[in-house]
Each structure stands twice: as structure tokens, then as C-alpha cells.
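Subject: Handover of a structure

Hello,

Here is the structure you will be taking over. My notes on what was found in it follow below.

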Amino acid sequence: MVLSPSSRPSSICPSCWKGPFSAQLGLLGQPVEQDDDTDELTSLWAGGHTYTISPAALLFRAAFGCKWCMFLVKRFRHVNEVLEEESKDPWWPIRRTLRIRVGRMREQWILRVVVDDVDTFPEGYMVCATLDDSAADFIPRRPRLTNVASRCTVDLARACIEQCAREHERCKTPDKPVYPAPTRLIDCRSPDRPVIILTNRIPHTYVALSYVWGGNQPHRTTMKNLSSYMDCISLALLPQTIRDAIRVTHELGIDYLWIDSLCIIQDSPEDKHRELASMRDVYRCAYLTIDAASAETASDGFLEDRPPLKPDLVLPFICPMDGSAQLTERGSLLLYLDDRNMKDVVTYSLSNVCTGDRAWCLQETMLSTRTLVFTPETVQLRCQTTTQNIGGAVHYGAHDIPRLPHNIFHSDWQVERYSDEWVDIRHRWHRVVEDYSRRKLSYPSDRLVACAGLAEMFAFALGSEYVAGLWNDDFLLFDLLWSAISPRPRPTVYLGPSWSWASIDHSEIEYLHLSPESRLVAAVVSCKATPQYPMFPLGPVASGELVLQAHLLRCEVKGNKEDRDPEVILVTESARGM
């Protein structure tokens, strides 16, 4: 639509249309920010667009339906406070002038409005434009995508994935795969007739799936159906999540897909132990991992439309046109003002989705170079560099899962022992255990199995022996400083030696974090564990032994069994004689 600047919408008063709206609400200029050379009480602001208006005029225009003036009167507490404090003076509304500065925050498309040098709402307001709106050429942020299965969404996701593989130093993918492929993959080139293929360990470009089983999987590969699956897998046999994964893999232009329930022979202990021992390479070497984060079970699927989020305010936007000062095009700005709504638009916590509380999914996320996450709200790409909402919606990532150090992805990379970097990686293992321990496992016997891929990655970097969830080096004593936040009776089935956090299930673990320079009063004589399966040395253990050398001190514990932190009193020689 081509119109003259004088053709304003009826929802905006003439003064605002000729003033802040003709200046694009200051969004395209310098960001609004404080002068760092002044203190907070007397700070001056710069950037954006500035104009003045009297309170009387503001109230008058709001009363006659100007959206922008109504927005200021209703939303900004500072304006209301000024009105209340000075309204006793009958001449004040005429002679008082409000100085309003409007624009965006630096590097963020958050609307900022400053009235009389006071930031009226420091949290700001998200400013978006839909992809098909003329304002999209000037406003880069989009509302979250809700039609996650559309061709447009897939194309946008593919562009983000390819940009990550091409440009991110931490995520760059070789032109050709260089690592051996998993033993089996699903060929998705004919998505209506997928088949299992044997790779002969020849490198392939493939996608891996991370999802919640949510119960028994009748479709799983067994010794009996393997040969038929290598001819064709009937889609009618597959749960919706797996069908969705095959579809997305094909539409992304990738031929092969790895799914545990299909690519591991589930009734063959030998095949399971061999393949589970390769989990580090399965996810680390995948070109992409699909995270079905919105699906509670494999039957749910993850491509359904997400609930739309209605903007709290829609404002017109005058689009600058090159070569014409008289003709311009009008678009629309979508503002998400409510704090709850804004969180829905821009934030996302991996701990609050279906895969976020599953133990298996932790290593699948942390080991993946990049993950396409189908959240309950939208689609995101999480890589080793950043997390971004597909389509340009802002994501802050404040609650994201911590990433592993970049060099830990290099095969056979080892840090200099006891360097600051080495100590940091040791501490990161504690944080991994704390996150892992809060997650659910369908089978407690998988306690050491579902993190074995991460353990292998850390083993390369640390150069230390992995023993039932701990590291047998000079810092082993620090690994023993764990406790259960909500202690429960120990399981009747053996999960690991009692000194390992893996020996208990359904209990969140926390570590007592001490300085590496802390004085040690004990010494490790020996620490060892016997793997339950020789071909899976970092998996479950059959037994373990730890021998320490230390002085024994007599103490008394005051409190009862229910006390979380009972008082422990050392009994000295003098105290004994009293």
C-alpha cells in the first residue's frame, strides 16, 4: 500500500503521526542509553527520538483515542505519579512539559521510553514484525513461529542450520563426514517407505533423534523383524514422533536418521551394549539432532501447531522509502507488553520441556553439535555457539543447559593436568552430575549407562580413569563430597558402590564445592570398579572398591534421622574428661 505521510490511521492523533511515528518511534536510529559519565540520579540519555508534550495534551489525545497516548497514560507509572503530585496546581497541566524519548535498547529490539530522564519501564517491550509485513525490512525480530510443520518454517530452519555449519567456528562441519557412522541408519530418501541400512561404518551425513519413549515401544527393532525392516518399515507401525522425525529429516534434505529404538536391536544384549558404548560418537558426529521436546511420549508427535500469542498492542509503522520523501509504505509493529507474555515470546528453559527431565536426553543435548528443538511454543536451533528461535524471535537463553568446552569435542584432546582449564572441566563434571541426577530414568539400572557418552567425552579431556561416576586422580576426594538433597532408602538392586552417587536412584545430588587449595586430611590408597560388561567399560559396574587412609576422630552427632544438617561435634581429649 502506497500512501502519503499525511494519510494517518484514525488510531493515531495528528501530532503523534507527524512526530514520533514519522521518526519510526526512534527504532531505526541510535539506541536509547544512558551517558556512562554521569551518575544514575542525574544521568542524561541519548539516542532515539525525543519530543515534548504537556500532560494536558497527553490526556486530551488519549481521551480521543490515540493509541500511543493511551499507551503512555496507562502503562508508564512515572507519568501517572507526576500527574498525581502536581495536579493540585490548576495551571500546571498547561505550563508543565514532559520530555519523552523513545527508541530501542542497544543490540535488542526492545522498546524503551524515557520520560524526564526516568526509564519508565526498565524491562522494556518486545517489538516484532511478521515476515510478510512491509515493516519486516526494518524490524528484524519476529513473533515466535507457531506453524512448526510449514514449508516456510522448515526452510528457515534449514537456512539457520546451514549458516551454523558454515560460519560458526565452534560448530563448523567438514564438507564430507570424517567419522564412522553408527552401525545402522534409517534411509529417509523415500519417507513413505523408510528402511534400515547397514552402514559398514562408512561415514554418512545423518540426523539423530532425542525423544521420550514414554513406555514400551512395540515397533522396536528385534532379531525377528530386523530383516523385514531392512526391506521396508511400515509407517503404520511407527509412533507419531518417529514419523514426524522421518518427515523433518527428509524435508531438511538429509537422507539418513538414527533412532535408538530402531537402530539398536533391542532384544540383543550384545548389540545393545556395543551400540550404547558408542553414544558419544552417535550424537557428536550427527550433523543435526532433532529434539522432540514437546512430546511427552513417542505417540504424541511434535509437529502440531503451537498456541498463538496475541500481541498486546499493534501500532502502525511508517516504512522509509529510498528516493521518495513524499510516498511511503505503512506496516505494523507488534508489541508484547505484559511481562508474562514477553517471557513466553523470548525465553525458553530446557528444564521445563518433556525431554528436559529425562536422564538420557541430557547427554544427547550436550554431545550434539547442533540441535533443532521443537519446544511447546516454537522451534529453536541450539548449537555449540548460541541458541536462537527460528524465524528471528528473540531468545535470551538464561536457562539453557551449559555447553561443554569447545575443545572437548576434539577427538583425543587432553588438557594439561591440574591446569586451571583442567580444574574447570573437573568442576563441570560435578555440575553435569547435579543436573543429571534430578532427571528421570525408567530403569534405575541405567544410572551409569545414560551418561556414559558424556563420561567418555570427559575422559578424553581429563586423561583420568573413570570409576563408577568418579575420576581416579588427585582430586578424587572432592568427588566424594556429594550428598542427596532428599535422601531416600537405598535401592534393593545394586547400582554402584556406596561411595558413588550412582548407587542411589530418584535422588537429586549436590556437591560441597571447596577450593582446590583446601587442605586434604585423607589419602586415596586405591579405587577401582569392575565393569558389568567388558565391551562397555564406562557403563554399569558389577562391583567397586575404595580404600582411604586417614586419621579417625571421635565425634558426636546431635539431631535425629530427619535432620538435613545435623550438628557434628568433634570430641577432644579435654571434653572426654568432663
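Arg280 sits in helix H11, residues 279-284. Helices here are DSSP runs of H or I with at least four residues, strands are runs of E with at least two, and both are numbered from the N terminus. This is a predicted model, in which local features need pLDDT of at least 70, side-chain atom pairs count only at pLDDT 80 or more, and totals for chains, interfaces and linings use all residues. Residues are numbered from 1 along each chain as its sequence is written, and side-chain values use heavy atoms, with hydrogens and water left out.

Arg280 has a relative accessible area of 5%, so it counts as buried. The cut-offs are under 20% relative accessible area for buried, over 50% for exposed, and partly exposed in between, with a 1.4 Å probe and protein chains only. The side chains of Arg280 and Asp281 are joined by a polar contact of 3.3 Å. A polar contact is a pair of N or O atoms within 3.5 Å; within protein, one must be able to donate a hydrogen and the other to accept it, and residues adjacent in sequence count only if both atoms are side-chain atoms. Not counting residues up to four places away in sequence, Arg280 touches Leu367, Gly453, Glu456, Met457 and Phe460. Contact means heavy atoms within 4.5 Å.

The chain as a whole

The chain has 17 helices and 26 strands. It holds 578 residues, of which 50% count as buried. Among contacts between residues at least 6 apart in sequence, 67% join residues at least 24 apart.

The largest pocket

The largest pocket has a volume of about 970 Å³. Its lining is made up of 40 residues, and Lys272, Leu276, Trp360, Tyr443 and Asp446 lie nearest the centre. The elements that give two or more residues to this lining are helix H10 (269-276), H11, helix H13 (359-366) and strand S24 (541-550). H10 provides the largest share, four residues. By type, the lining divides into 24 nonpolar, eight polar and eight charged residues.

On the terms: the search uses a 1 Å grid over the protein atoms alone, where a pocket is an open set of points with protein on both sides within 12 Å along at least five of seven lines, a cavity is a set where a 1.4 Å probe fits but cannot get out, and lining residues have an atom within 4 Å of a point. Grid points are joined across faces, edges and corners, and a volume is the space filled by probe spheres set on the points. Ala, Val, Leu, Ile, Met, Phe, Trp, Tyr, Cys and Pro count as nonpolar, Asp, Glu, Lys and Arg as charged, and the others, Gly among them, as polar.

H13 is largely enclosed by the rest of the structure, because seven of its eight residues are buried. These are Ala359, Cys361, Leu362, Gln363, Glu364, Thr365 and Met366.

Helix H8 covers residues 240-251; at 1.5 Å a residue its 12 residues should span 16 Å, and its end C-alpha atoms are 16 Å apart, which agrees. The expected span is 1.5 Å times one less than the number of residues. Buried in H8 are Thr241, Ile242, Asp244, Ala245, Ile246, Val248, Thr249 and Glu251. They pack against several elements, including helix H6 (151-167), strand S11 (206-210) and strand S13 (288-291). Gly253, with a positive phi near 80°, follows H8.

Single residues

Thr297 lies in the loop between S13 and strand S14 (313-319). Its relative accessibility is 23%, so it counts as partly exposed. Leaving aside neighbours within four places in sequence, Thr297 is in contact with Val212, Trp213, Gly214 and Thr241. Thr297 and Pro239 are 58 residues apart in sequence, and their C-alpha atoms are 9.0 Å apart in space.

Gln24 is a residue other than glycine with a positive phi, near 55°. Gln24 is in the loop between helix H1 (14-18) and strand S2 (33-34), and is buried at a relative accessible area of 13%.

Ala468, also not a glycine, has a positive phi of about 50°. Ala468 is placed in the loop between strand S19 (465-467) and strand S20 (470-472), and is buried at 4%.

Leu476 belongs to helix H16, residues 476-479, and is buried at 1% relative accessibility.

Regards
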